[in-house]
Amino acid sequence: MENPSLLLMSATKRSKALAARLSVKLQAGLINDAAEICLNNGQVQAKHRVYGGLAFSEARMTSGLAIVTLVAGAFDALPADENRSGSITNVSFVMPESPLVFVERKPKQGSNVDLSKARRVVGIGRGLTAEADLKMVEELADLLDAELGCSRPIAEGEHWMERERYIGVSGVMLKSDIYLALGISGQIQHMVGANAARTIVAINKDKNAPIFQYADYGLVGDIYKAIPALITQLKG
């Protein structure tokens, strides 16, 4: 395709790094972490997160080519339209001037879970005091037919769960029907990824936890008492 006007990419770390290099190479405007996108008088306009997810900003591209990285889970799929069709253009590989040299391959530790597509999600935070206690949370998630997610400290601080399960400003954006948050305080960096869930249920022993400001239903209580009680009720 000659003279494209829009290039869409996923908002992953690797894609953002590539998008930045393409922006300079092609002299194109770049918007990262877009949550909404539209055409305004023929120009690409997007709403994207700024200040670590604390606010949104709208930007309109004036360059001929616009590069936009899209937040996972921010857009719902449209119904199939048989009246529309696309074409695939095959491009020959061009060896770079400084070719990469393969040195070593190591398997990546992680999972294939995609929380952005999950309809039910159970999230766990720092209210969990030991990694071994994840077993009861996993049991609850299984009974609810839900995927398991977590706050950033659990994934990147304690390393108790895979990075793919981190919900938040630099993690997954939920679009689930229900989000059950267990022992999660509800800091804005987490809620940026969680507040698009249709129903939020929170359990936290701190009655002043910020998450209760976002929750549709809240229970002030110890998750070490609430989780076993929920498991018992669901099994009964």
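Trainee: How much accessible surface does the protein chain have?
Mentor: About 15,500 Å². Of that, 51% belongs to carbon and sulfur atoms. Keep in mind that this is a predicted model.

Trainee: And what share of the residues is buried?
Mentor: 36% of the 236 residues in the protein chain.

Trainee: How many helices and strands are there?
Mentor: The protein chain has 5 helices and 10 strands.

Trainee: What about its span along the principal axes?
Mentor: The C-alpha trace spans about 60 × 50 × 40 Å.

Trainee: Switching to charges. How far apart are the mean positions of the positive and negative ones?
Mentor: They are 4 Å apart. That is for 26 positive and 25 negative charges.

Trainee: Which domain does UniProt annotate?
Mentor: The unreviewed entry gives "Electron transfer flavoprotein alpha subunit C-terminal" for residues 114-194. Over that stretch the chain is 28% helix and 17% strand. Its end C-alpha atoms are 14 Å apart.

Trainee: Let's pick one residue. Where is His190?
Mentor: In helix α4, which covers residues 188-194.

Trainee: Is His190 buried or exposed, and why?
Mentor: Buried, because its relative accessibility is 7%, and buried means under 20%.

Trainee: Which residues does His190 contact, leaving aside neighbours within four places in sequence?
Mentor: Cys150, Ser151, Ile167, Gly168, Tyr179 and Ile184.

Trainee: Back to the whole chain. Of contacts between residues at least 6 apart in sequence, what share joins residues at least 24 apart?
Mentor: That comes to 55%.

Definitions and conventions
Residues are numbered from 1 along each chain as its sequence is written. This is a predicted model: local features need pLDDT of at least 70, side-chain atom pairs count only at pLDDT 80 or more; totals for chains, interfaces and linings use all residues. Side-chain values use heavy atoms; hydrogens and water are left out. Helices (H or I, at least four residues) and strands (E, at least two) are DSSP runs, numbered from the N terminus. Buried means under 20% relative accessible area, exposed over 50%, partly exposed in between (1.4 Å probe, protein chains only). Contact means heavy atoms within 4.5 Å. Accessible areas come from the Shrake-Rupley method with a 1.4 Å probe; for residues, only the protein chains shown count as cover. Lys and Arg count as positive and Asp and Glu as negative; His and the chain ends are not counted. The place of a charge is taken as NZ of Lys, CZ of Arg, CG of Asp or CD of Glu. UniProt positions are given in the numbering used here, feature names are shortened, and annotations may be inferred rather than shown by experiment.
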